[in-house]
Amino acid sequence: SELESDLRNALVNAEFEVYYQPKVSATDRTIIGAEALLRWHHPVRGMIAPTEFIPLAEKQGIIVEIGAWVLRQACQQAQIWHDAGYPFFQIAVNVSAVQLTESDFSAVLSKTLDETGLNAQSLEIEVTETSLMTDVELTISILEQIKMIGVGIAVDDFGTGYSSLNYLNMFPVDYLKIDRTFVKDLGTSSDSKDITLSIINMAHRLHLQVVAEGVETEVQATFMQENACEYLQGYLFGKPVPADEFTVLLSHK
Ligand code: G
Ligand code: G
Ligand code: MN
Ligand code: NA
């Protein structure tokens, strides 16, 4: 398609931008980090959502280059916030299965941390539940290398795949992000409440910290806080915004 060929030029033409969405502590609601989310400003079609172009980029393999670029931008920006004196702050970067397994990803990570000066503890990668399952043995060995570097690992969109929590125990992960489909229905569905509670409890038994995604209402936030979920992310605390707008959020704390 036309979009596919445009995608090849988008990096060169500087059409990508990284947005940042705050992640807060559930107990005191202070910003403890941000998730980096890619945006494509297409010269003709305007803003194109990642759900539209990431799958294309994965198919073409160009996600490896794009992902390396996002990682570098995010690490550079986090280091700028550190240098400006904002308190400890962790940046989370989404990594697709293709990028994780078809590039020398841990080498790219080390190099990026070296070159940007960012501390490994200030970085976290997010890997979706389903992408963990594409090549289990290979994924485990790559995640182990990433852990050795000191970078945190989160399982993204948890609950949408088919893995049991016990299965997750095989992977050296630190955080579990509860998919927003469960969070959305918390006020209305007792099933969603039950599922959410069992995810939190089992995650804690596996020594994982929990992030609730897509928190839009105070009812959802309070439910998560009262049930010991550690971190919250969602429109209630802020939409993904460009770096300069995020700096304003940090300054207003
Ligand atoms: O930002 P938004 O909520 O529209 O993101 C939609 C989807 O695109 C999410 O699943 C998110 O994880 C994914 N996504 C956003 N940015 C990146 C990125 O830099 N790399 C990868 N692999 N996925 C991303
Ligand atoms: O799959 P991943 O968690 O990486 O996706 C992040 C996506 O979720 C982004 O597209 C982001 O814009 C979207 N998002 C973040 N917070 C909320 C929210 O509170 N409500 C909704 N509907 N979407 C959200
Ligand atoms: Mn994510
Ligand atoms: Na998610």
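**Strand pairing, core and ligand shells in a predicted model**

Strands β1 and β2 form a hairpin with five residues between them, and arginine 29 in the turn has a positive phi of about 65 degrees. Helices (H or I, at least four residues) and strands (E, at least two) are DSSP runs, numbered from the N terminus. Two strands are taken as paired if DSSP finds at least two bridges between them. The model is predicted: local features need pLDDT of at least 70, side-chain atom pairs count only at pLDDT 80 or more, and totals for chains, interfaces and linings use all residues. Residues are numbered from 1 along each chain as its sequence is written, while chains are lettered from A and ligands numbered from 1 in the order in which they are written.

A parallel arrangement involves β4, β5 and β6. Strand β4 (residues 90-94) runs parallel to β5 and is joined to it by four bridges, with valine 93 partnered by isoleucine 125 of β5. β5 and strand β6 (residues 152-158) pair in the parallel sense over five bridges, and threonine 128 stands opposite aspartate 156 in β6. Six of the six residues of β5 (residues 123-128) are buried. A residue is buried if 20 or more other C-beta atoms lie within 10 Å of its own, exposed if 12 or fewer, and partly exposed in between, with C-beta atoms placed from the backbone. In a regular strand the side chains alternate between the two faces of the sheet. Both faces of β5 are covered, with Leu123, Ile125 and Val127 buried on one side and Glu124, Glu126 and Thr128 buried on the other.

The protein chain contains twelve helices and ten strands. Its radius of gyration, taken over C-alpha atoms, is 18 Å, which agrees with the value near 18 Å for a compact globule of 253 residues; the globule rule is 2.2 Å times the number of residues to the power 0.38. Along its principal axes the C-alpha trace spans about 50 × 45 × 35 Å. Buried residues make up 36% of the 253 residues. Of the contacts with a separation of 6 or more, 66% are between residues 24 or more positions apart, a contact being a pair of residues whose C-beta atoms, placed from the backbone, lie within 7 Å.

In soluble globular proteins, nonpolar side chains tend to be buried together. The largest nonpolar core has 64 residues, and those with the most contacts inside it are Ala36, Ala74, Ile91, Val93, Val210 and Ala212. The largest share of this core, eight residues, comes from α3. Such a core is a set of buried Ala, Val, Leu, Ile, Met, Phe, Trp, Tyr and Cys residues joined through C-beta atoms within 7 Å. Residues up to four places away in sequence aside, valine 210 touches Leu176, Ile178, Ile200, Ala203, Cys229 and Glu230.

Ligand 1 is surrounded by Leu37, Leu38, Ala49, Pro50, Thr51, Ile54, Gly67, Val70, Asn94, Val95, Ser96 and Pro240. The elements that give two or more residues to this shell are β2 (31-42), α2 (50-60) and α3 (63-83), and the largest share, three residues, comes from α2. A residue is assigned to a shell if its C-beta atom, placed from the backbone, lies within 6 Å of the molecule. The shell around ligand 1 divides into eight nonpolar, four polar and no charged residues. Ala, Val, Leu, Ile, Met, Phe, Trp, Tyr, Cys and Pro count as nonpolar, Asp, Glu, Lys and Arg as charged, and the others, Gly among them, as polar. Around ligand 2 there are 13 residues, the closest being Asp157, Gly214, Glu216, Gly234 and Tyr235; by class, this shell has four nonpolar, four polar and five charged residues.

Aspartate 157 lies in strand β6 and has a positive phi of about 55 degrees although it is not a glycine. Aspartate 157 is partly exposed, with 18 other C-beta atoms within 10 Å.

Key:
Contact = placed C-beta atoms within 7 Å.
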